[in-house]
Amino acid sequence: MISNRKDDHLNFAAAQQREERARTDWDEVRLLHHGLAGIDASDVDISTSLPGDIRWPLPFYINGMTGGTETTGKVNAALAEAAAETGIAMATGSMSIYLRDESVLPTFRVLRDKNPHGFVMGNLSADATPDQARRVVEALEANALQIHINSVQETVMPEGSRGFGSWAENIASVVESTPVPVIVKEVGFGMSRETVALLAELGVSIADAAGNGGTNFARVENDRRAGKDYAFLADFGQSAAASLLDATTLPAETPRPALLASGGVRNPYDVIRGLSLGARAVGVAGTFLHTVLGESGVEANAAGTKRLIEQVNDWRDRLIEMYAMFGAATTRQLSETDVMIGGELAETARLRGVNLAFLANRRSFRR
Ligand SMILES: Cc1cc2nc3c(=O)[nH]c(=O)nc-3n(C[C@H](O)[C@H](O)[C@H](O)COP(=O)(O)O)c2cc1C
């Protein structure tokens with residue numbers, strides 16, 4: 001009942017967005033203010049680049065969510081129209097359902113149909129074969145393919161898999177044979193530096209350390225279980241901030257993919273926080289889903305598209321202002337700002353050997 005699952009995910013994830021927000025690790029990332037470090041906003045370029053000659057005009061993107069049913073197809077249409085209007089890159093949700101039933105293709109293909117010149121990413125699980133990956137890329141005329149690693153979600157999912165042993169090998173084969181860049185992503189449980197380094201060994205050039213603090217798939221899947229048996233995993237995993245910090249402890253000579261970050265991104269300052277910790281771009285799922293669905297959370301429509309266009313343009317303008325405030329002419333330069341890490345995030349980072357004093361004093365070290 002994969003199609004019911006798609007609607008469940010949408011409904012439970014949208015319901016989480018309507019809850020009161022708890023403090024997250026993003027709140028523990030504070031950029032130090034230097035009152036005379038600013039530059040002119042007209043000198044700011046917020047575009048970002050990724051391996052594979054990718055250049056996005058915006059340093060944030062719509063992360064993989066949905067497709068596969070009538071309702072989720074409408075959400076994809078609304079998101080895709082906003083993407084076409086604003087130039088933001090966008091991914092589909094998992095297209096495993098399409099591999100079993102080709103009739104659902106329009107609910108995914110709408111990303112390309114509504115946005116012929118945009119940056120479109122497909123999405124498949126780490127069980128995907130090279131042939132399946134090629135089919136998805138061709139069906140979407142995709143510019144990149146996201147492969148999700150979601151062992152925690154599968155574990156809690158009532159109908160989930162328990163077989164994760166072949167994933168690394170599968171990923172290496174898919175990377176080797178897929179004609180577009182492959183982006184390996186988590187679904188909200190973060191990535192350790194060991195995972196990041198292994199992905200490089202598998203040939204992966206881009207990884208999205210989707211961490212916790214936002215849409216919580218341990219809770220989404222547990223809500224789908226009659227007995228709610230996995231409530232104890234509700235806080236499991238690392239945040240994207242913790243994951244980005246963890247990656248800083250890899251020895252300089254260790255190859256690593258370019259990192260994206262996502263999970264719980266609420267506003268332009270969260271984007272800045274992710275970029276300051278070394279992400280090339282920051283992904284947003286739940287927050288934009290909420291914008292498109294509105295408070296009622298019922299169905300995507302033209303009003304939802306309009307709201308998202310306004311929000312994306314607003315974030316773009318706020319980012320340009322904030323880059324100027326922090327003295328960053330480019331996205332890369334944000335990763336040289338002084339960042340202070342506090343709270344439990346600092347504790348986690350210290351346990352993993354992160355040099356927090358260096359992060360808080362990067363400008364002086366650079367001089
Ligand atoms: C309704 C919904 C469905 C999702 N489905 C997928 C999916 O099929 N594949 C995937 O890689 N991630 C999926 N995700 C996870 C997001 O890409 C992202 O990693 C996660 O939601 C954390 O980001 P957020 O806190 O901004 O929502 C989904 C998220 C939502 C909200």
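Where does glutamate 141 lie? Glutamate 141 is found in the loop between α5 (130–140) and β7.

1. **Basis of the note.** This is a predicted model, in which local features need pLDDT of at least 70 and side-chain atom pairs count only at pLDDT 80 or more, while totals for chains, interfaces and linings use all residues. Residues are numbered from 1 along each chain as its sequence is written.

2. **Glutamate 141.** This residue counts as partly exposed because it has 14 C-beta neighbours inside 10 Å. (A residue is buried if 20 or more other C-beta atoms lie within 10 Å of its own, exposed if 12 or fewer, and partly exposed in between; C-beta atoms are placed from the backbone.) Glutamate 141 and arginine 18 are separated by 123 residues in sequence and by 34 Å in space, C-alpha to C-alpha.

3. **Overall fold.** The chain contains 17 helices and twelve strands; helices (H or I, at least four residues) and strands (E, at least two) are DSSP runs, numbered from the N terminus. Its C-alpha atoms fill a box of roughly 60 × 40 × 40 Å along the principal axes.

4. **Burial and contacts.** Of the 367 residues in the chain, 49% are buried. Among contacts between residues at least 6 apart in sequence, 74% join residues at least 24 apart; a contact requires C-beta atoms, placed from the backbone, within 7 Å.

5. **Nonpolar core.** The largest nonpolar core has 106 residues, of which Leu79, Met90, Leu145, Ala207 and Leu244 touch the most other members. The largest share of this core, seven residues, comes from helix α2 (residues 70–86). Such a core is a set of buried Ala, Val, Leu, Ile, Met, Phe, Trp, Tyr and Cys residues joined through C-beta atoms within 7 Å.

6. **Helix α10.** Eight of the eight residues of α10 (residues 240–247) are buried, so this helix is largely enclosed by the rest of the structure. Among them are Ser243, Leu244 and Asp246.

7. **Ligand shell.** The ligand is surrounded by 27 residues, the closest being His148, Gly214, Thr215, Ala285 and Gly286. The elements giving two or more residues to this shell are α1 (2–17), β7 (144–148) and α12 (286–293). A residue is near a molecule if its C-beta atom, placed from the backbone, lies within 6 Å of it.

How values were computed
Contact = placed C-beta atoms within 7 Å.
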